[in-house]
Structure formats: C-alpha cells, structure tokens
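Here is a walk through one protein model.

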Amino acid sequence: MALKYIEEYRDGVLARGLVKKIHSVSKKDLRLMEVCGTHTTAIFRHGIRSVLPQGITLLSGPGCPVCVTAQKDIDAFVEFARVKNVIVTTFGDLIKVPGSSSTLGKEKASGADVRIVYSVFDAINIARENKDKEVVFCGVGFETTIPTIAAGILMGIEGKVDNFSVYSANKLTPPALAALMETDGVEIDGFILPGHVSVITGTDAYRDTFEKYDIPSVISGFEPIDILQAILLLIQQNEAEKPALENAYPRAVSDAGNGKAKQIMNQVFEVCNASWRGIGEIPLSGMELKKEYQKFDAAIRFGMDMPDVPEPKGCACGEILMGLKSPYKCPLYKKKCTPMNPVGPCMVSSEGSCAAFYRYS
Amino acid sequence: MTEEKILLDHGSGGKASHSMFSDMILPLFENFELSKQDDGATLDVEGTTLAFSTDSYVVDPIFFPGGNIGDLAVNGTINDISMCGATPKYISVGLIIEEGLPIKDFKLILETMATAAKKAGVKIVTGDTKVVPKGKADKIFINTSGIGVISPNVNVSGSNAKPGDKIIVSGTIADHGITILSSREGLKFDSDIKTDSAPLNKMVQSIIQSNCDIHVLRDPTRGGLGTTLNEIASQSNVGIKIDEQSLPIRGPVQGICELLGFDPLYVANEGKLIAFVPQKDAQKTLEIIQRDEFGKDAVIIGEVTSEDSGKVFLKTTIGGLRIIDMLTGEQFPRIC
C-alpha cells in the first residue's frame, strides 16, 4: 500500500516559507477556530501554534464527535451494554467516556460484550456471526461517518441481518457553526473548516452560514502545509477585510461534495433536532432514521430513552467547544480531569481539545 | 458506583501501567533491585553480576507476518536482558495452552522458539506447561524468563542519561504494532509490513565490546518510543529533545498510522533499541549498530538536555516544537 501526499505536505522548506509569509501579513490580533477535532490534533502534533505570530489565537471548535455527544446518549450506550445478550459495537474513542454512572470500558471489564470496531461494517459482520445476540452500533459521527452507517443499514437489509441496530447520536456540522455565531460572547474571526466532512458536503454546504454571518471561512486539509495555508488565507481575508468562503483542500473537496454519499445518507436518515454536550439543543442539527428504517433504530427496538442529566459540576467542555474558554481555564483541567480519569469527553477522545492540550503542551 | 477493576488500559505500557506498578506493585515488593525499574533486574551473586528478566506474551493473533508468539517471546526476553548490558545465557518457558489448540500450531510455535533461541545463542533450560479449558485462555499464552551475565565495568541503566548524550534508534519504528493491527480480523491491508521481532543481543555485545561509553540501552516495546523516552527522562532527571525529520518510519507503516489516527511514536517495536551515548562515542556506536543485521536503518534522533527535566520534546518537520508525553490509554490491545 502506498499512501501518497504525506511527505509532500510536511515539507519543512515549504512550511517555513508559509510561516514567513504569515508573519509578514499578520497585523491584527485574530481568533481563528478549527472546527474539526482532527485539525486540533494535527495543530498540536505539528507544533503549529509555536510557529504562529503571537496575535493569532487558535480555538478548538465543536468538531470532535465524541466530545459533543450528550451525556444521556453516553448513558444509553452504557445501558445497552447492561442488557442481556447484547453486543455493543463502538468506535474506540467512546470506551472511556464517562456516563453518569459508568463507562463502556468499565462495563466491559465487568463482563459486558463491548467490541471496538473500525466501521459499521464490522458491526454487521459481528451480527452475522452472532445470530442469537442483538448487536447495537453506537452511531456517533458527522457527515463523514453518517453515509457509512446508512450504507451499513442498507447492507443489513440486503443481507437480512435482523439482529443489528443503530443508536443514532449523529450530528451535522453547518448548523453547529450557525449556533456558535448566535451565541453571546463567542468571538471568532474565521473558521478553519473541516476537510473530511467537506469531502462529503462540498463547499456549498457552508454557503448559507457564510452569507448570513459574513465570516472568513477556509476549508483545510490535515497536513501542516494545508493548515498553514488555510491560516494564511484567513489572515489575508481579515487584513483585507474581505471575508470569503475558500476551498484550500481542492485535491479532495469539490463544490457539490460526494453526491452518492449524500444520497445514501438522505435515503436512510432525516434531519432532526439534536442535543450537543455543553451547548444544548441545536435545531435541525442531528440525523435520525427515517420511519421506513426505524426497525434498525436501537432506541426504538429497546425502548431506550435515558433522562437528561446535568453534566459534571465544574466541567467546562461546553464552553471549550464554543471557544469561550481554553482548557487551561477549566477548574478541573489536569486536577480532577486527566486522560487517566477523565471527567468530560474533551479529555477522553484522541481528538478532544483537553486531551490534545494535555498530551502536547 | 461500579467497583474499581483492572481495565485494558492497565496493560497498555503507558501511564495506567506505570501507576499500577508504582501504586499497587512496588509498595508491596519494595526492594532496591525492583525500584530501579529497568527492563530487567541487575543482581550481584557471589561476585558475578547477573541480569534477570521476565515477560509474558498474549499477542492476538498468535501468527502474524514475520513471526509468531513463540519467537516474539524468546526474542523479547533476550532483548530485555540485553538492555541491562548483559549477555543472555539461559531462558525458561512457561506455556499456558487453551484446550483445542491445533497440535500443528503448537509444534510450529515450539519450532520457532527453538530456532530463535539457537539464532541468538541462548539455551531454553527449564519450563512448564499447563492446559486450561476452552475459553479460559486465548489459544496460547507464553511466559519467558532469562538470565544473562554482565561484564565488569558495564553500567547501563535508564537512570544514566546525561546532558549532551546523543540518542540513537537502531531502525524503523512502529513496525510490530502496525503489523499486529493489520493482521487482525476486519483490517486487512494490502501491504508488505512485517514484525521487526529480532534478537538484539549480538548488536548489544558489539556495542559493549567496542569500549564506547554507553549510558542507556532500552527496547521501546509497549508504549513505543515516546513512552520509553519519557521513562528515561524521568529516571535520569534530564530533558530529551528529538527531531521528527530524523525518525525512521517505513512508508506503509506511516500510511496505516495516518489512516487510523495512530501516532507511530506510541506504537510498539519488538526488534529495536535506543542507545544513549556521549557525543564523543556517538558516531562510532552508530556505525557499529548499522553494521549489525538488525541495525541497518539506525540513526541519531536527538539528544539529552539539562533543562526541562523529565520532559521529552519533539522538533516537528515544520520547525515547531511539541511535548511528547507518555502514552495515555490503549492505542490497541494485546500486541505482545
């Protein structure tokens, strides 16, 4: 297997050139938000903050799917693990996220059948191999993940896999950006828009938000050259006071996005209101199974409806996700809340901002 | 509230493993030899200095590209003893076998162990077998322990790193962990990646016989290079700075790491060592390692600093700086 386009986009000479240019055009103090958790990790991993001018502040946004999963949804995952004859299948990041009383990892250690999978298709295979059990997939993702879950459900129908269902806590990106812009106290001078999500949605998906709020927005890839390029474009737009919606990741992202993926997603799912951890309910920001696919809805199949519970006292995940606070300002950070004993999900997920701050700074 | 239990995290080789050792294990067994926390214990027995080490192997799957649980278990203990600066001599083998393991697989594992021991020049001199009912173990678990002899004047320990030391890694990192991961069910990559499992005793002997002043030897297994460097920085109370550009990583390994979001710095190796050597001897040591069968890709990756004691920094390819912490949480389970 040869995965190209790694070294090319980590080239030191090219990077130093971009850094120099950033320093020469940057005059104003700016607060730029990377929406996506993969960007947060990449920014730390490549030491990008350490090469930027002092006036440029990077804020981590609500783009880590695990971090924005509401407490009641985490509780539901834990509850599924406690049901007899249920195999819970999940992405690895969710294993340690604390629900109100337990985590999937702790339930596993107590004997529950919790299995880490890399895609929904692994979950379907597990269901095929365990006909006498029910397999529940924890659906936590954005536009990048939802089409694969939809494809998994279609595959389940085709293969008559009846013992498989999905608990959908899936979410959409553009409504979250709009919600951020409407929140009091949020000061953002530009968005570094998520690359992977945009591959599916296309640049056009952000047009309404951009036009309504006139905010500099640049879609970026995940290599250091990509991110530096996006930051440079955002600074240039701000300095020239000419906000624009730009695509700095054209090798993967088109205007219209991936039509087939969107079609599958919209065939199986429909837009609904969704609870975001720390932010609250955002209208039309979630995806639930359409009526004709409801027999694959784990919440309906098991009658699972967990109550809303307050988030742990002192946990600032919500404010951190909105760029209102940095992890350093959270009273629990590095004290009560560490990757070993996380209180909030931002400290758990490999893409969470608190975990990234803890690990890399 | 759920009762506190052992989680997979405790076996990751990272922070949870370390706190399990220092909070639960060390206080009960407290003694000078154990508290040094090296890869093996260094013992004075009637005038001879011995290295003694033990390790258990539970890797899943038991067969993987480039090896199996058998040679992994033999090489692993050979390397742990070698990292004490010792010449490994004798090994014991404990086999815990699950009912139903095909005899053909069992024989193949034993043959591989015999070959590995022969290649490294060590003898398997004692052992034990147990068979447990189906489901009470997973195919086969292997424990190996070993004894080696440390020559007079050799003083290698994780607590000996000194400011100015150069840090050498003996080859590409992350091969083993990624091999195991990519041979798991459901993750089939079309690649030629194989484990780096190898005995490093001959390489270590060549280094020691060269009279180069070797401060630290360590094999970055579970937890990867990042975690091992943290252990040494904290054992020796020094800072460490490494250069990302110099880190040797095979393209396909890097590719899979990117795809799955793994940091190669935290992925296990089974046939690599890191050596801390004063600058005056660094080039010579590097050349000796490079001449070894398993050290062709060896490079200098960084150095020890007097500031930022206990911390490891990485200079990134773009010229940025970031901290390398110890692994927290499990990247993926049962790799060795």
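Start at the interface in this predicted model. Between domain 1 of chain A and domain 2 of chain A, the rule finds 1 residue pair in polar contact, with both residues at pLDDT 80 or more. Which elements supply the domain 1 side? Helix H2 (37–45) and strand E2 (56–63) of chain A each supply at least two residues of the side that touches domain 2 of chain A. H2(A) gives the most to that side, with 6 residues. By class, the domain 1 side has 13 nonpolar, 9 polar and 6 charged residues. The count of salt bridges between domain 1 of chain A and domain 2 of chain A is 0.

Now step back to the domains themselves. Domain 1 of chain A covers 36–309, and domain 2 covers 317–360. Their contact takes 28 residues from domain 1 of chain A and 23 residues from domain 2 of chain A. The C-alpha centres of the two domains lie 18 Å apart. Together the domains bury about 2100 Å² between them. Of that area, 67% is on carbon and sulfur atoms.

How many disulfides does a search of the whole structure find? The search finds 1 over all chains. A disulfide is a covalent bond between the sulfur atoms of two cysteines. Here the bond joins A:Cys64 to A:Cys67, with an S to S distance of 2.5 Å. The torsion about the S-S bond of A:Cys64 and A:Cys67 is about 75°, so this disulfide is right-handed.

Notes
Residues numbered from 1 in each chain as written. Chains lettered and ligands numbered in written order. Predicted model: local features only at pLDDT ≥ 70, side-chain atom pairs only at ≥ 80, totals over all residues. Heavy atoms only, no water. Domains from an automatic or database assignment. Contact = heavy atoms within 4.5 Å. Buried area = accessible area lost by both parts, 1.4 Å probe. Salt bridge = Lys/Arg side-chain N within 4 Å of Asp/Glu carboxyl O. Polar contact = N/O pair within 3.5 Å; in protein donor to acceptor, adjacent residues only side chain to side chain. Helix = DSSP H or I, 4+ residues; strand = E, 2+ residues; numbered from the N terminus. Nonpolar A, V, L, I, M, F, W, Y, C, P; charged D, E, K, R; others polar. Disulfide = S-S within 2.5 Å.
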